[in-house]
Amino acid sequence: MVRYILMDIEGTVISVAFVREILFPFAKRRLASFLHDRRQDPDVLQWTTVCQDAIEIETGTRPGYEELPVMLTGWIDQDRKQAGLKALQGMIWDEGYRQRAFVPELFSDVLPAFTQWRVRGIRLGIYSSGSEQAQRLLFAHTNVGDVTLLFEHFFDTSVGEKKTASSYRTISAQIGLPPHHILFLSDAEGELDAAALAGFSTAHIVRPGTDASTRYPTHPDFTHLRLEG
Ligand SMILES: [Mg+2]
């Protein structure tokens with residue numbers, strides 16, 4: 001019997017293209033002008049200092065503020081998971097969401113399913129490699145409005161990597177339910193493997209345009225998932 005549904009974001013509730021083709025390129029394009037416009041902002045300076053410290057430790061040379069756009073753009077290209085960079089990207093996305101420069105569109109079956117699951121008393125949570133801050137921003141600004149209140153948890157890689165079984169054990173402990181009561185939904189086979197190894201129920205969601213070759217039974221959407229044990 002499923003009592004909690006844990007979900008991936010990209011390729012599961014929204015298209016993979018939103019993050020890869022809209023969100024990340026926006027942060028990269030906006031980085032230099034953002035750092036220039038907000039150079040007096042203490043929040044920004046707190047995180048640029050974290051980045052400068054990290055670069056100094058790595059290279060032995062402390063970069064000037066004006067050198068940061070080029071260096072941080074390099075980090076974005078290398079997909080570096082650095083706390084300072086993540087926080088700055090979060091601030092840039094926050095601006096973008098507020099200005100409605102982009103709007104994440106949930107697949108059309110998603111909100112009706114969430115509502116139905118909540119009515120049945122099933123608890124909901126997110127597990128994504130994007131930071132908790134980035135996840136909350138995304139769900140606060142969807143095409144169907146702010147849906148953050150539907151979720152009890154926003155797990156990110158601070159619990160561990162998504163393809164590692166121990167991450168799911170940590171999540172199960174934090175949720176306070178044994179693994180077999182938790183259903184994990186994802187478009188990535190490696191993540192499902194890790195969750196299954198930890199004892200979670202799993203369902204492979206295969207949205208249009210994602211790879212359908214898999215060892216798991218697939219579901220095109222959230223409409224007909226089996227929730228009884
Ligand atoms: Mg995914």
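## Starting at Ile9

Is Ile9 buried or exposed, judged by the other C-beta atoms within 10 Å? Ile9 is buried, because 24 other C-beta atoms lie within 10 Å, and 20 or more are enough to count a residue as buried. Please keep in mind as you read that this is a predicted model.

Ile9 sits in the loop that runs between β1 (4-7) and α1. Setting aside neighbours within four places in sequence, its contacts are Ile14, Ile126, Ser128, Gly130, Gln135 and Leu138.

The domain assignment divides the protein chain into domain 1 (4-15 + 104-219) and domain 2 (20-98). Taken over C-alpha atoms, the centres of domain 1 and domain 2 are 28 Å apart. Each side brings residues to the contact: 5 residues from domain 1 and 5 residues from domain 2. On the side of domain 1 that touches domain 2, the residues divide into 2 nonpolar, 3 polar and no charged.

Now to the largest nonpolar core, which has 46 residues. Those with the most contacts inside this core are Ile5, Leu6, Leu183, Phe184 and Leu185. The element that gives the most to the core is α1, with 5 residues. Domain 1 (4-15 + 104-219) and domain 2 (20-98) both contribute residues, so the core lies between them.

Not counting residues up to four places away in sequence, Ile5 touches Trp117, Ile122, Leu124, Leu183 and Leu185.

## Helix α2

Does the length of α2 agree or disagree with its 18 residues at 1.5 Å a residue? Helix α2 (residues 42-59) should span 26 Å, and its end C-alpha atoms are 25 Å apart, which agrees. In α2, the buried residues include Trp47, Thr48, Cys51 and Ile55. They cover an arc of only 100° around the axis, which puts them on the same side of α2.

The other side of α2 carries the exposed residues Pro42, Gln46, Thr49, Asp53, Glu56 and Ile57. The packing partners of the buried residues of α2 are α1 (16-37), α3 (68-77) and α4 (83-98). After α2 comes Gly60, with a positive phi near 85°.

For α4, the 16 residues should span 22 Å at 1.5 Å a residue; the end C-alpha atoms are 22 Å apart, which agrees. Its buried residues are Gly84, Leu85, Leu88, Gln89, Ile92, Trp93 and Gly96. The buried residues of α4 pack against α1, α2, α3 and α6 (132-140).

The loops on either side of this helix are worth a look. Asp79 lies in the loop between α3 and α4, and has a positive phi of about 55° although it is not a glycine. Asp79 counts as exposed because it has 8 C-beta neighbours inside 10 Å. Just after α4, Arg100 takes a positive phi of about 55°, although Arg100 is not a glycine. Arg100 is found in the loop between α4 and α5 (110-119), and with 8 C-beta neighbours inside 10 Å it counts as exposed.

## Helix α5

Which residues of α5 are buried? They are Ala113, Phe114 and Trp117. Seen down the axis of α5, these buried residues fall within an arc of 100°, so they line one face of the helix. The cover over the buried residues of α5 includes β1 and β2 (123-127).

On the face of α5 turned away from its buried side are the exposed residues Pro112, Thr115 and Val119. Just after α5, Gly121 takes a positive phi of about 85°.

## A last stop at Thr164

Thr164 has its place in the loop between β3 (153-155) and α7 (165-175). With 17 C-beta neighbours inside 10 Å, Thr164 counts as partly exposed. Thr164 and Pro178 are 14 residues apart along the chain, and 17 Å separate their C-alpha atoms.

How values were computed: Residues numbered from 1 in each chain as written. Predicted model: local features only at pLDDT ≥ 70, side-chain atom pairs only at ≥ 80, totals over all residues. Helix = DSSP H or I, 4+ residues; strand = E, 2+ residues; numbered from the N terminus. Expected span 1.5 Å × (residues − 1). Buried ≥ 20, exposed ≤ 12 C-beta atoms within 10 Å, placed from the backbone. Arc of directions from axis to C-beta. Contact = placed C-beta atoms within 7 Å. Domains from an automatic or database assignment. Nonpolar A, V, L, I, M, F, W, Y, C, P; charged D, E, K, R; others polar. Core = buried A, V, L, I, M, F, W, Y, C linked by C-beta atoms within 7 Å.
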